[in-house]
Amino acid sequence: MTGTGPEAASVAAPALVVLCHEYAALAGFAVAGVAEFLADAAALAVRLLPTAQSARIRVRVPEVVTAIADAPGADHSGRAAPSDVLAIPLVGGGDLAGVLELDPGARHGFPADERELAEVLAVLLTLSLGNAAA
């Protein structure tokens, strides 16, 4: 986490616990296939990151799979500038497995705590994708 001091950890801790619990539940049901798992993970990102109006996950495991989720009532009329979109590479074993892209819609950027949660989600996705490819 990029924050410092005990107050930074206490702000992100409850959200981090929720993210890990919900992700663990998704990963436990990932037997349906990579596409369904990624669609559920994209929906989780939109649900747990209030700024995210949409999430897109693109991966190669071994085929190319893209999952997209939009927040309920997402306003895409004032699309974010490309610099406001949060794109986190999914890198495992030195290889680029995919990208997690979060779009704040008409909002500008993501708060630090949401960026940190998105980075945790990206790590979890990378680990799951590595297991799926093995």
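1. β1 and β2 form a hairpin with three residues between them; helices (H or I, at least four residues) and strands (E, at least two) are DSSP runs, numbered from the N terminus. The model is predicted: local features need pLDDT of at least 70, side-chain atom pairs count only at pLDDT 80 or more, and totals for chains, interfaces and linings use all residues. Residue numbers start from 1 along each chain as its sequence is written, and side-chain values use heavy atoms, leaving out hydrogens and water.

2. The two strands β1 and β2 run antiparallel and are joined by seven bridges; strands count as paired if DSSP finds at least two bridges between them. Arg 60 has Val 64 in β2 as its bridge partner.

3. β3 and β4 also make a hairpin, with two residues between them, and Gly 93 in the turn has a positive phi of about 60 degrees. Their pairing is antiparallel over seven bridges, and Gly 92 is partnered by Asp 95 in β4.

4. β1 is joined to β4 as well, by six bridges in the antiparallel sense. Here Arg 58 stands opposite Val 99 of β4.

5. The largest nonpolar core has 34 residues. Such a core is a set of buried Ala, Val, Leu, Ile, Met, Phe, Trp, Tyr and Cys residues joined through side-chain atoms within 4.5 Å, where buried means under 20% relative accessible area (1.4 Å probe, protein chains only). α2 (34-48) is among the elements that supply at least two residues each, and α2 gives the most, with eight.

6. Leu 38 is one of the residues with the most contacts inside this core. Not counting residues up to four places away in sequence, Leu 38 touches Ile 57, Val 59, Val 65, Ala 67, Leu 125 and Leu 129 (contact: heavy atoms within 4.5 Å).

How values were computed
Buried means under 20% relative accessible area, exposed over 50%, partly exposed in between (1.4 Å probe, protein chains only).
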